[in-house]
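Hi,

Here is the structure I promised to pass on. Have a look at it first, and then read on for what turned up.

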Amino acid sequence: ELSTALIGSSGAGKSTALRLISQLYAPVYFHEESCATQIPFLIFDLPHDGRSLHSLSTAIIEEIDRLVPSGRYAETYLCATRKNALDRIYDAIRLVRLHCVGLLIVDESQNQKAAANKPRSGRKATPHDDAGLSSSIETPLISQLITMSNKLGVPLVLVGTNELHDVISGRFS
């Protein structure tokens, strides 16, 4: 299992602790023998609505662009082209692979709860009937991140409040 979660109360210092620990390491390593730039860990926030694959891929690309400004990835992948969300997530995956990212740290992962609690298309949930609500397994961004982590072999750390437990309980062992 390449995935884990750090769950705690709001304001407990989860994000602060991870960012302080991350400062103990160089944000990028340049390998002269192969002319490659390696990113040991990538910290980014899950989109606020918990649904937007486009926003997720944008967050990943923007963070890689911030760490490797000479790559001009924001200009190349975000401004110059009009791609759909699936193309953009493939671009993000390509950059994660290109820079041999060692760890994906996804902050504000409880935002996926927003997607899990919204009714599926065409169904309107009532206060007494939750049949129209998505289950925790049907959280598109968490599923995409877990799949990306498994395919790339990059460990995934989800960081969030106690609401995150409900979202991942169906996916994490």
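Let's start with a pair of helices. H2 passes H4 in a left-handed crossing. To find them, look for residues 53-67 (H2) and residues 85-98 (H4); they pack at an angle of about 30°, with their axes 8 Å apart. Angles under 35 degrees count as roughly parallel, and H2 and H4 are therefore roughly parallel to each other. Do keep in mind that this is a predicted model.

Which residues make the contact between H2 and H4? From H2 you have Leu 53, His 54, Leu 56, Ser 57, Thr 58, Ile 60, Ile 61 and Ile 64. H4 answers with Ala 85, Arg 88, Ile 89, Asp 91, Ala 92, Leu 95 and Val 96. Sorted by class, the contact of H2 with H4 comes to 10 nonpolar, three polar and two charged residues.

Next, the largest pocket. There is about 160 Å³ of space in it. If you want to colour its lining, select Arg 19, Ser 22, Gln 23, Tyr 25, Pro 27, Phe 41, Leu 42, Ile 43, Glu 63, Arg 66 and Leu 67. H2 turns up again here: the largest share of the pocket lining, three residues, comes from that helix. Helix H1 (14-22) and strand S4 (42-45) are also among the elements that each supply at least two residues of this lining. By class, the lining of the largest pocket has six nonpolar, two polar and three charged residues.

The volume of the largest cavity is about 30 Å³. Its lining is made up of Ser 15, Leu 18, Arg 19, Ile 43, Ile 105, Asp 107 and Val 159. Which element gives the largest share of that lining? That would be H1, with three residues. Both H1 and strand S5 (104-107) supply at least two residues each. The classes here are four nonpolar, one polar and two charged residues.

Happy browsing!

Notes. Residues are numbered from 1 along each chain as its sequence is written. This is a predicted model: local features need pLDDT of at least 70, side-chain atom pairs count only at pLDDT 80 or more; totals for chains, interfaces and linings use all residues. Side-chain values use heavy atoms; hydrogens and water are left out. Axes are lines fitted to C-alpha atoms, for helices over the stretch in contact, and angles run from 0 to 180 degrees between N-to-C directions. Helices (H or I, at least four residues) and strands (E, at least two) are DSSP runs, numbered from the N terminus. Angles under 35 degrees count as roughly parallel, over 145 as roughly antiparallel, 65 to 115 as roughly perpendicular and the rest as oblique. A crossing is left-handed if the near helix is turned anticlockwise from the far one by less than a right angle, and right-handed if clockwise. Contact means heavy atoms within 4.5 Å. Ala, Val, Leu, Ile, Met, Phe, Trp, Tyr, Cys and Pro count as nonpolar, Asp, Glu, Lys and Arg as charged, and the others, Gly among them, as polar. On a 1 Å grid over the protein atoms alone, a cavity is a set of points where a 1.4 Å probe fits but cannot get out, and a pocket is an open set with protein on both sides within 12 Å along at least five of seven lines; lining residues have an atom within 4 Å of a point. Grid points are joined across faces, edges and corners, and a volume is the space filled by probe spheres set on the points.
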